Amino acid sequence: MESIRKLALICLLLVIFAVPTDGLWAIAGMSLVKIAGLLLFGMVALLLISGDSLRGSPWFLTAVTIYICWMLFSFLWTWMPINYETSLASNSQQSIKGQLYLFMLVLLSFQVLRSEQDLNLAFAAYLLGALGLVYFLVKGYDPTSTTVRHEIKGFDANETSLQLSLGLPMALYLLLMVKSWFFRSLGLIYLPIALFGIFITGSRTGFITALLGFIGLIPWLWHARFIWKIIGLGFFLALALGITKVVPEKTLERLFSSGTELSQGTLSARSITWSKAWLEINEAPFVGNGLGSFRRVINKYNIDYTAHNSYIAIMVEQGAVGLLFYLAVIVSVLLQGLRLPPEQRLLMLSLLAIAIAGQFTLTLNEEMYIWFAYLFVIIKVNLSNQTHVAAIKHYQLRLAA
């Protein structure tokens, strides 16, 4: 049974590795995510047939199940559940497949990730995948270019930067919490490369979430000796200055205008879309317009964009009920994350903070990398609880002896 689980773990690691670059790695015309996902499903099915028990966090799984069920149930009243005239709008049938895939991803991950080493490997797989994303990003990069934003063809620059930001807490975790030199080296290498990738996208969302990625360093710097505080701060200052030297000036100006754009701008016309979306929310405040309906209902205002906000998108499509269910998923992760030991708590919660903050300007509630952020926090809590219980049992045995 253990050999089957190890094969399943390899498949899951391949999925995690391929998620940041989904579509860029393919075998025989089929994406690596789909191939590894199918193999993962088969391996876990064999595990369960062999007598393995179901695993997971009850509160988190309950919240996820209710949310996914409501999303699928909303298909019954979806507005125009047919193919739309633009290829940019996903139809409701595609959304159903996406929701079911996310649900299976949650269940399968709990079955496979069972130890601290497994979780470390999952972090490493994501970081390697994100480094691959940077490779494709910088392939044609020209520092003398007058282009304000650099992106991969077919990829949204904001999403690219957010995926790189999600890797920052994982890199810091491997660097600070893991003894293996391989994991530590990977974490250290990832930090400057990811920051460079985030900067050249010119994404204000990426810039802000990258700052959130370093929240986990606060307790470490606070308790460190004075000399280590100076070294740490000096390292990040040198890193920041080095990166800004190779990033076009116009890109830097765009990044550092984040505060002005938040207070005085339209957030790249997002606020216009949101104001029209609120009109649709008022039409169906409790149950929404149905699964996958956002771009269809907003099109009458001559807007052909996504919501650029997960929470508003859910309100339009599944109403206040759907939003409450989605927030219940996030709250369940937050409450359990608060139970982690102090030195790990902010590292893991900064991962959650990036996922939450990124969804204020991007529609990401169906993206796998966002759900991996939730999963990693929950699985880390479960593993910490197992370690705590094992320590108590060992102590009790010593007393009995």
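In the predicted model, helix α13 comprises 14 residues (270-283), which at 1.5 Å a residue should span 20 Å; its end C-alpha atoms are 20 Å apart, in agreement with that value. Helices here are DSSP runs of H or I of at least four residues, strands are runs of E of at least two, and both are numbered from the N terminus. The expected span is 1.5 Å times one less than the number of residues in the helix. Arg270, Thr273, Trp274, Ala277, Glu280 and Ile281 of α13 are buried, a term that denotes under 20% relative accessible area, with exposed meaning over 50% and partly exposed the range in between (1.4 Å probe, protein chains only). The face turned away from the buried side of α13 carries the exposed residues Asn282 and Glu283. The buried residues of α13 pack against α6 (157-177), α14 (294-298) and α15 (310-337), where contact means heavy atoms within 4.5 Å.

Residues are numbered from 1 along each chain as its sequence is written. Because the model is predicted, local features need pLDDT of at least 70 and side-chain atom pairs count only at pLDDT 80 or more, whereas totals for chains, interfaces and linings use all residues, and side-chain values use heavy atoms, with hydrogens and water left out.

An α-helix has 3.6 residues a turn, so residues three or four places apart point the same way. Not counting residues up to four places away in sequence, lysine 229 touches Leu221, Trp222 and Ala224.

Helix α7 (residues 181-201) contains threonine 201, which is buried at a relative accessible area of 0%. Beyond residues up to four places away in sequence, threonine 201 touches Leu137, Arg149, His150, Ala157, Thr160 and Ser161.

Glycine 290 is found in the loop between α13 and α14 and counts as buried at 0% relative accessibility. Its C-alpha atom is 8.2 Å from that of methionine 71, although the two residues are 219 residues apart in sequence. With residues up to four places away in sequence set aside, glycine 290 touches Ser74, Trp77, Thr78, Glu317 and Gln318. Histidine 308 is found in the loop between α14 and α15; at 18% relative accessibility, histidine 308 counts as buried. Its phi is near 55 degrees, a positive value in a residue other than glycine. Most residues other than glycine have a negative phi.

Over the whole protein, the secondary structure comes to 17 helices and two strands, and 50% of the 401 residues count as buried. Of the contacts with a separation of 6 or more, 80% are accounted for by residues 24 or more positions apart. The largest nonpolar core has 118 residues, among which Phe60, Phe372, Tyr374 and Phe376 touch the most other members; helix α17 (residues 368-400) gives the most to this core, with 14 residues. A nonpolar core is a set of buried Ala, Val, Leu, Ile, Met, Phe, Trp, Tyr and Cys residues joined through side-chain atoms within 4.5 Å. Leaving aside neighbours within four places in sequence, the contacts of phenylalanine 60 include Val106, Phe110, Val329, Tyr374 and Ile378.

The mean pLDDT of the protein is 85, with 89% of its residues at 70 or more; pLDDT is the predictor's confidence in each residue, from 0 to 100. Among the elements, helix α12 (residues 258-264) has the lowest mean pLDDT (53) and α15 the highest (96). Over residues 388-401 the pLDDT is below 50, and this stretch has zero contacts in the model beyond near neighbours in sequence.
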